[in-house]
Structure formats: structure tokens, C-alpha cells
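Subject: Handing over the structure

Hello,

Here is the structure I promised to pass on. Please open it first, then read my notes beside it.

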Amino acid sequence: MICKKVMVWFLTALLATNTLLCLPSVAGAEKQDLKDRMEVNQADLVQKEQGLTNETVSFEPPTSATNSVYNALMMSLAAVEYTSIVIDPGESYEFQNTDTVSKSIYSNASQSKGILYDSVSYKEDGDISTVHMDYGISPIGVPGGGTAFIANTGTAALTVKVTDVFTYSTSEDPALERVTLSKNESYRVVNEGWTARSIQHDGSNTDNRRFDYAKYKADGTLSASDLNSIAHPSLGDGEELIITGSTANAVTFGFPYGKYSIESTGEPAYARVILNQGESYQFINVGTRLDTVESDGTSKDKLDYVVYLANGTEASRGSSTTAKPQIAVDRYAVITQVTANPVTYGAPYRNFIARPVGGDAISRVELEVGKSYIFHNNGTLMNPIYNNSRKVGSLFDYVIYKPDGTVNSSGFNSQSMIPPSGYAIVTVIGPSPIIFDYTDDFSWETSFLRVTLSKGESYAFTNVSDHLRNLHSTAKTVKGKFDVVLYKADGTDQSRRSTGNSTFLVGAGKKASVTVTSDTPITFGGIYRSFKASGDDDGIGKTTLEPGDSYEFRNHDSQSNSLRHDKSSGNARFDAASYKVLRLLTSDHFNNTVDPEIVAGGKAIVTNVSDRPITFTYSNKVEALLSGQAAFHRITLKRGESRKFINVSTLDKALDVISVSGMKWNYIIYKADGTVYSQANDTTQLPLVQAGGYAIVTTVSDVPVTYGAVLGIFDVEAADVPTVNQVTIKQGESYVFHNTGSQASSLTTDALDTSRLYDYAMYGEGSGVNSKVDRTGMSVSLPEISLGAGGTLVVTVTSPQTVTIHFNNDIKADPSTEPALLKTSLSGGKQEVWINHGGQEVPVLTNAKATGGIYQFFVADRAGKVIREHKEATDNQQQVPANANIHLTVAATTPAVNFGAPYRVFAVKNNDDSKLDELIELIEKEADFTAGQQGKYRFTPKEDGIYRFAVKEESNFAAQQPIWRLARTLHMNTAKETD
């Protein structure tokens with residue numbers, strides 16, 4: 001540290017008000033409650049007008065002043081001493097303003113020169129006044145009676161100048177607690193009772209440093225959020241902030257040191273997904289308010305979306321739009337990326353369930369003029385089909401039928417609601433083709449199967465319906481002739497004839513083969529749902545799956561083909577998984593009724609999971625083979641049962657479930673390297689398992705849960721999740737947790753609010769007083785704690801409500817008599833002295849801020865030299881260096897204050913040590929006590945080593961029960977190992 005005295009002359013007038021006439025920027029900087037923008041605007045003015053340098057602040061009188069005025073004023077000059085302090089990079093200083101009004105601290109800070117600093121100014125009551133991070137401007141204001149912490153974060157020395165109203169000292173604590181977020185890394189931040197302040201960070205669009213955040217009120221409801229943000233959200237008293245890095249370049253945050261609860265968490269701020277063209281995702285709003293799915297797309301990036309009510313009825317849609325869907329509570333949306341550029345979509349993680357879905361949000365088909373088509377509503381609700389007829393100036397007719405075949409409605413050129421399991425026949429009149437939009441509840445087909453044959457060409461039509469049907473022709477119109485052969489259901493001939501009629505009947509299950517004999521081509525047609533047609537008598541395939549059957553359907557066509565299931569099977573359900581190549585999944589449906597789509601050259605595996613047969617029809621380009629492999633693993637787990645689902649594919653994939661009211665489960669998801677990716681308890685969120693990773697899922701509800709995992713994408717194994725992976729701790733009880741694994745591991749708790757509280761101390765390497773203290777907390781309600789490899793965690797429950805803790809197999813848990821913290825409650829003028837026997841600086845925690853308490857303290861080193869003190873402290877913690885002690889006092893007029901510190905490294909100093917008898921090594925000392933009395937001695941070891949103590953009776957004690965007990969107490973004046 002370099003100090004030097006600088007004389008600065010202030011020009012004052014001998015006026016009754018004693019008002020400053022000069023240096024307006026200095027006076028302005030000393031007003032109370034300085035605002036950040038005032039400091040920025042004044043910075044250049046102050047340095048320019050005052051000539052502030054590393055040496056002297058100079059003043060020259062105005063040129064208009066006369067000598068007499070100048071001489072008169074010079075008589076009133078007051079000398080003010082400034083002290084310069086040089087703060088090297090990485091150093092921190094604490095400044096105390098002993099005046100009653102705001103004062104300024106000046107510096108040579110400069111952005112261009114790399115002279116930067118973090119600073120926090122506190123009011124006299126301990127509340128935060130101003131916060132700066134990587135600041136390059138002077139001055140900063142300190143409220144009257146307040147304190148400022150300044151840390152040099154630049155690359156060059158920082159020189160600050162203060163008057164004698166400031167006391168100052170080096171600080172072990174930085175001004176800001178910094179957290180650097182890499183991509184997909186998350187932190188949880190809680191404001192523990194301070195005035196709302198904007199969060200500081202170095203996020204920037206220019207530098208590609210962005211993050212997601214979600215802010216929650218004290219009651220858990222979402223109050224603000226943003227995707228790919230550079231905003232500075234304000235965090236109020238009791239509010240919680242989840243921040244997640246979203247870009248390749250990390251973002252650094254700065255929080256006033258010791259004022260916020262900050263911890264790493266596996267919970268992201270947003271549920272997010274990158275969608276390529278044609279990919280789809282579902283977002284379900286399980287929160288408490290209307291919210292919007294966000295994206296990083298531009299005005300050139302288009303999407304389709306459909307928003308559904310909770311019962312599955314369509315509520316709204318957007319087609320090839322840039323607008324994002326607004327989703328009310330309990331509703332869900334399906335989004336499909338339309339344009340080529342990949343786009344990231346996201347929604348606040350706690351409020352949305354996000355999962356991949358097969359198919360598109362909106363499908364489109366262009367229907368030609370003069371042709372008729374059938375649209376089937378395969379869902380269970382009435383839903384619409386939209387069209388662009390008005391836009392293109394074209395007309396169509398339609399008739400809508402109920403499932404029993406009766407007419408529901410008919411009309412002209414309109415969007416129409418089709419009843420559940422019903423169908424509509426649409427005929428395009430023209431003059432232009434019409435595009436129809438429909439959701440994944442629908443399928444479509446031409447209403448008439450049509451083929452035009454020239455002379456000598458043949459075709460077979462098979463009636464696949466249950467009724468006698470007409471086969472139509474244009475023979476009468478074009479004056480053509482054809483031969484027709486009718487076959488019985490067993491394939492034998494029924495009749496043959498040559499005719500030119502416009503219609504002839506084909507019986508149910510029978511076949512008609514036609515051959516044109518005239519020179520004029522003839523067009524034949526039959527109702528699409530009633531006939532299959534083929535030039536080789538094998539044009540339409542048909543396969544019936546009995547309950548439990550699995551079939552593999554291979555598409556040998558150059559285009560996609562659908563498998564259409566027989567609607568007569570009602571709501572019979574099946575599992576289906578479609579692949580492009582081995583383990584490259586294109587779509588899947590679990591316990592569903594959606595017709596599978598098979599891409600060109602791909603295959604689909606379908607399993608009948610219902611109690612009745614299901615018949616599928618398909619193109620002659622599709623081959624059906626009985627399969628020994630099911631489409632899905634189907635695993636039903638009762639309460640307490642677990643399974644391990646291993647993702648053996650190259651894509652992230654979510655599990656499925658059969659939805660049942662009251663179902664709940666726990667899961668832990670592991671990355672491919674075996675580290676924990678995320679976990680949740682008592683949830684209905686579907687686990688998304690990373691490629692190469694695995695998830696262990698346990699049912700926790702009384703209702704059994706059936707899970708689905710695509711076979712070939714997932715392997716399933718028995719899970720080794722013993723019941724000891726959960727402990728419930730009562731008030732006053734303690735447990736020790738040790739991480740035996742090679743990676744950090746998370747422990748989760750049911751302490752979601754202040755009804756369940758606990759103390760904790762986390763230790764790294766070392767043992768006993770030599771334990772490295774990583775983190776501590778007193779009466780906290782944290783839902784998750786991350787424990788490093790080889791680390792130890794001690795937890796003591798302080799609330800009447802029990803706390804249940806869940807952990808994985810790498811964590812070993814044992815009950816313990818060792819509490820997490822050494823604790824005391826002081827009031828009424830009582831005081832205690834605590835000693836840090838450890839080898840590092842460790843905090844003593846308090847609840848003063850929460851209870852409105854005030855305490856007095858001073859920290860002294862081993863020699864008794866005072867390092868730091870405060871007579872009216874309200875901070876939540878005070879740092880105590882290694883081998884130093886802290887003297888704590890609470891006045892009689894203030895509320896009681898609780899104190900706590902890591903039990904292994906802190907001890908209460910015995911104020912009566914001087915009265916204790918001294919034990920000397922190898923020298924026997926006689927003690928004479930009656931039954932029930934205790935004796936305390938002081939022992940000071942002369943060197944490092946293991947010391948043994950023995951107690952014996954002078955009488956013949958061999959035949960007696962022991963009446964002596966040697967107890968190690970906190971009064972032993974040693975940090976050496978003893979036993």
C-alpha cells in the first residue's frame with residue numbers, strides 16, 4: 001500500500017450560510033442518495049474542473065475576481081487533507097464514512113486504460129446504496145455513516161483519494177461475489193432481505209454473452225423471465241432468481257458480497273429446445289398465469305402453432321407466422337419450425353412441461369379441381385379444418401357425416417367443425433386448387449378411388465366394406481366397352497360379362513376385374529373407403545394385429561406412406577415407432593391412435609396394446625412382417641419401484657407415460673460421463689435423457705405409473721436405488737453425508753419453504769479442525785445442495801417439521817451427534833468469544849437482518865490485535881481469519897441474535913482459562929472429587945503429535961465399576977490432535 005498526503009484548498013465565502021461557492025461538482029457528489037447516472041455524468045466534469053491526478057487537486061480563482069475580493073476570500077481558505085491509497089489488481093478495501101452526510105471517494109479509474117473496480121456502498125443501516133461492476137468512472141458516493149467496499153478488477157493499479165472523514169482498511173472480502181455462467185450452467189440467487197437492486201453482469205449482444213433468467217416471488221409465482229437476455233433484472237426482498245448461460249461465451253455476474261444466497265443448481269431458467277425445419281415440440285403450461293413461448297428467431301423465421309384447451313379442443317392457431325403462441329394455464333401448444341434456419345424456443349422451466357412430439361402442428365394438402373376427398377377426425381373432440389378458398393377465389397362443396405354415417409351438416413366454402421370420429425367429403429369446384437390445413441387429429445384421402453384404363457389394360461377392385469357397393473365408370477358417356485369378372489370372397493369366379501354400363505354392383509368382400517375392350521379410354525371409380533384397387537390384384541395391403549402382436553412395416557417406396565388403422569376398432573390403442581435407419585427415429589406414438597407415417601425407405605414397428613384386434617391397410621409398396629420386437633418398452637412401476645432407462649441413441653429423447661390422475665415419480669438423469677444432469681422429486685415432468693446418458697425413475701405415488709421408452713432407442717435395466725437413498729431428519733437430529741464418487745453430486749430436499757429449515761456445513765479435504773470449509777448455512781430452506789467429489793456435508797434440522805433428503809448411490813449417509821454449526825443466541829448484554837481453529841478464513845453466520853437485531857463485534861488475531869470491528873452490525877455474516885477470534889455482544893435493548901459457525905473449526909473461548917489447573921506432560925496430578933463432580937484442566941502441547949490422557953483410581957479399581965470418565969472439552973487450549 002502506498003499513502004501520501006495531498007493538500008487541497010477549498011475556496012469558501014464568509015457568508016452567514018457558509019455555502020460553497022466553488023467546486024460545484026464536488027458539492028453535488030456529496031449529496032445524499034447519489035444516483036448512478038449522476039456519478040457518470042459528473043465524472044468527467046469533476047476531473048476536468050479539479051485537475052484530479054495522482055498528485056494534487058488544484059484550484060485557480062475565476063479571472064473576473066478582483067484582488068480585494070480574492071484577498072478577502074483567501075483569508076477564509078480551509079485546508080483539507082486528502083489521502084491517496086493505491087489498490088493493486090485483486091486487492092479490496094473497506095471505507096467507513098464517519099460524517100453524517102454523503103461523501104465522495106475519487107479515483108483515477110478509466111475504461112480506456114483498464115483501471116476498473118467493483119464497488120458497493122452501504123447505508124448506515126446496512127442496506128445497499130449503489131453497486132458497480134468493472135466500473136471505470138469517478139467518483140462514487142458513500143452515504144453518511146455508511147460503508148463502501150472497493151475491489152480493483154482491472155489490469156492496472158487504482159488510486160483512490162479520500163478526506164479524513166473516511167476510515168479505511170484492507171478487506172478480506174471482495175466488493176462483489178462473482179459468478180461466471182458457462183452455456184447451460186445455472187445458479188439460484190435469493191435476496192435475503194435487502195432493498196430491490198438491479199443485478200450486475202457483463203452480458204452483451206456485441207460479445208455474444210447472453211443468459212436466460214426466471215424470477216419468482218416469495219410465494220413461488222413467476223414474476224419476470226427472458227430468453228437469451230442481456231437485461232438487468234431487479235431482485236427484491238425474498239425474491240428468487242434462476243440464471244442459465246445460453247451462449248458459447250460465458251457471462252459473469254456480480255452480487256454484493258454476503259448479501260445474497262447464491263448456489264449452483266441443476267434447474268435451468270428455461271425449458272428450451274432448438275428446432276430444425278419440420279421438427280415439432282409441445283409446451284404445456286402448468287404454472288399460474290398466461291405466458292408466451294419465446295424464441296431467438298428473426299422476422300424471417302416462420303413457425304406453425306396450434307394452442308389446445310386442456311381437453312384437447314383447438315383454441316387458436318398460427319400458420320407460417322412469426323408470432324409466438326400465448327398459452328393459458330392448463331393449456332398446451334404444439335410448435336413446428338417451418339423455415340430452414342434452426343430456431344431456439346423456450347418457456348420458464350417451472351411453469352412449462354416441454355417435450356418432443358411426432359407429426360406437425362399444422363399439416364397442409366393441396367386438393368385439385370374436380371376431385372373429391374375425405375377428411376377423417378381421428379380425435380375424441382370436435383375440431384375444424386381451415387382452407388384458403390377465399391384467398392385464391394375458388395369454391396368447394398362439403399358434406400360432414402357423423403360416425404354412424406348420418407349427415408351432420410353441409411355447406412359451401414366455409415371452415416367446418418367435424419365431430420369426433422366423423423368424416424367430411426369435400427369436392428373442389430374450382431377454378432383453382434385449394435389448400436386445406438389440419439392438425440394431427442386428422443387424416444385425409446380421396447373420396448373416390450379413380451383409375452383411367454386404355455384398351456387392353458386391366459385393373460382389380462375389391463370391396464373391403466361390409467356392404468354391397470357400386471363401381472362407377474364413364475363407359476356410357478364415352479360410348480366405350482369393357483369386360484368385367486366378378487369373384488367370390490374365396491377367389492373363385494362368380495360371373496363374367498361385357499358391358500358399357502355406368503355402374504355395376506360388387507358384393508362385400510368380393511372382387512371385380514375390369515378390362516377395357518373399346519378404343520376409347522374409360523375411367524373407373526369407387527368410394528375410397530370401400531374399395532382397394534390394383535393393377536396386379538394386390539394394390540392395397542391389409543394386416544390384422546391381434547392383442548399383443550407386433551409387426552414391422554417396411555416402406556419400399558420412394559415417398560412416405562401411412563398405415564391406416566380400421567376405424568371400426570374404435571378407440572383401440574397401439575404403440576408405434578418409425579425409423580429412417582437403425583436407431584434414427586422419425587416419429588413415435590405411445591398408447592395412441594395416430595396413424596403411423598413411414599418415410600421413404602424407412603420402417604415402422606407397431607404393437608397392438610389394446611384388448612381387441614386392429615386392422616391396418618397400406619400401399620402395395622409397404623411390406624408387413626411379424627416382429628418379435630415391440631415398438632416400446634412398457635414398464636409399470638408401483639410405489640417405491642425403480643428402473644434404469646439408458647439412451648443408446650445419438651439423440652436426446654424423453655420418456656412417455658400413460659396419463660393417470662394422481663401419478664407422481666422421482667427421477668435422476670445422468671450424462672454419458674456419469675455425472676448428474678438434473679433431477680426432480682414428486683413430479684409429473686417427463687425426464688429428457690441425453691444421448692448416451694441414462695435416467696433412474698422411481699414411482700412415488702400410490703397410483704402405479706406405466707412408462708414408455710422406444711425400444712431400440714432405450715435399454716431398460718433393474719435400478720439399484722435402495723431405500724437408504726432417502727433419510728428423514730427430525731428437529732435437533734443431524735446426519736453426515738459423504739460423497740464417495742469422482743464427480744459432484746446433488747442432494748435434494750423437501751425444504752421448499754420456511755416450514756422446513758436446517759443448518760448445514762460443507763467440508764472439503766482434511767478432518768477435524770483442519771477441515772476445509774466450503775459452504776455453510778443457518779436455518780435455510782434450500783431444495784438442492786451440490787456436494788463435491790470427496791466432500792462431506794453435515795445437516796442439522798432446526799424446524800419442528802422434518803426434512804427429507806434424497807441422494808444417489810455415490811452419497812453415504814450416517815446419523816451423527818455432530819451438529820452442523822456451533823450455535824448460540826445472545827441478548828440482554830451477553831457476550832461470547834469464538835475462536836477459529838481452522839486454517840482458512842470462515843464466516844460466522846447471524847440472523848440479525850431477519851429479526852431486526854443489532855450486534856457489536858470485533859475480530860482480533862492471535863496476538864490480540866483488532867482486525868475489524870463494528871458497534872451496530874446487522875450483516876448476516878462476519879468473516880473470521882484462521883486462528884483469529886471474534887467477540888460478539890448483543891445489547892440489552894435490542895432483540896436477541898442467533899449466531900452459528902462450522903462446528904469442526906470453531907470453539908467457544910473459555911474466559912476463565914486462567915483459573916484452570918495446568919496439566920504438564922508426563923507429570924501425574926492428583927485429583928480429589930466426590931461422586932458427580934467434574935474437574936477441568938488446561939493442557940498446552942509443546943509440539944505436534946498424538947497425546948494420550950489416562951485417569952486411574954488410587955484404590956484397587958480392578959474389581960470395581962469405573963467411576964471416572966475422561967471427556968474432551970472445548971476448554972482444551974490446543975489445536976493439536978489428541979485422544
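Below is what I found, topic by topic.

**Confidence first**

Please keep in mind that this is a predicted model. The mean pLDDT of the chain is 80. A pLDDT of 70 or more is reached by 78% of the residues. Two stretches need care. Residues 1–78 stay under 50. The model still has 130 contacts beyond four places in sequence for residues 1–78. Residues 412–416 also stay under 50, with 22 such contacts beyond four places in sequence. Where pLDDT is low, the predicted coordinates should not be read in detail.

Strand 11 and strand 19 (residues 251–256) run antiparallel and are joined by 6 bridges. Within that pairing, E177 has F255 in strand 19 as its bridge partner.

Now go to the sheet in the order 59-67-62. This is an open sheet of 3 strands, with antiparallel pairing. Strand 59 (632–637) and strand 62 (656–657) are the edges, and each pairs on one side only. Strand 62 meets strand 67 (residues 705–710) over 2 bridges, in the antiparallel sense. There, V657 stands opposite Y707 in strand 67.

As background, strands of a sheet pair through backbone hydrogen bonds, either parallel or antiparallel.

**An enclosed strand**

Why is strand 9 (residues 158–163) largely enclosed by the rest of the structure? Because 6 of its 6 residues are buried. In a regular strand the side chains alternate between the two faces of the sheet. Here, L158, V160 and V162 point one way from strand 9. T159, K161 and T163 point the other way. Both sets are buried. Strand 9 pairs with strand 4 (residues 103–107) over 2 bridges, in the antiparallel sense. In strand 9, K161 stands opposite Y106.

**Nonpolar cores**

The largest nonpolar core has 29 residues. Which of them touch the most other members? They are W834, V844, Y855, I886, L888, F899 and F906. Several strands give two or more residues to this core, among them strand 72 (758–763), strand 80 (842–846) and strand 84 (885–889). A second, separate core has 27 residues, including L585, W665, V689 and A695.

Leaving aside neighbours within four places in sequence, L888 is in contact with L826, K830, Q831, E832, W834, V844, Q856, F857 and F899.

**Aromatic pairs**

The count of aromatic pairs comes to 29. One of them is F574 with F616, which is edge-to-face. Their centres are 5.2 Å apart, with 80° between the planes. The pair links distant parts of the chain: F574 is in strand 53 (residues 574–581) and F616 is in strand 57 (residues 614–619), 42 residues apart. Is F574 buried or exposed? F574 is buried, with a relative accessible area of 0%. F616 is buried too, with a relative accessible area of 0%.

Another pair is Y670 with Y694. Their ring centres are 4.6 Å apart and their planes lie at 20°, so the pair is stacked. Y670 is in strand 63 (residues 665–670) and Y694 is in strand 66 (residues 694–699), 24 residues apart. This pair, too, links distant parts of the chain. Both residues are buried.

Elsewhere, R350 lies over the face of Y216, at 4.2 Å from the ring centre.

**A cluster and a serine**

Y459, F461, F482, F504, F524 and F531 form one aromatic cluster. Y459 is also a contact of S513, which lies in strand 46 (residues 511–516).

Best wishes

Technical notes:
Residues numbered from 1 in each chain as written. Heavy atoms only, no water. Pairing = 2+ DSSP bridges. Helix = DSSP H or I, 4+ residues; strand = E, 2+ residues; numbered from the N terminus. Core = buried A, V, L, I, M, F, W, Y, C linked by side-chain atoms within 4.5 Å. Buried < 20%, exposed > 50% of the residue type's maximum accessible area, 1.4 Å probe, protein only. Contact = heavy atoms within 4.5 Å. pLDDT = per-residue confidence, 0-100. Phe/Tyr/Trp six-rings, centres within 6.5 Å; stacked < 30°, edge-to-face > 60°. Lys NZ or Arg CZ within 6 Å of the ring centre and 35° of its normal.
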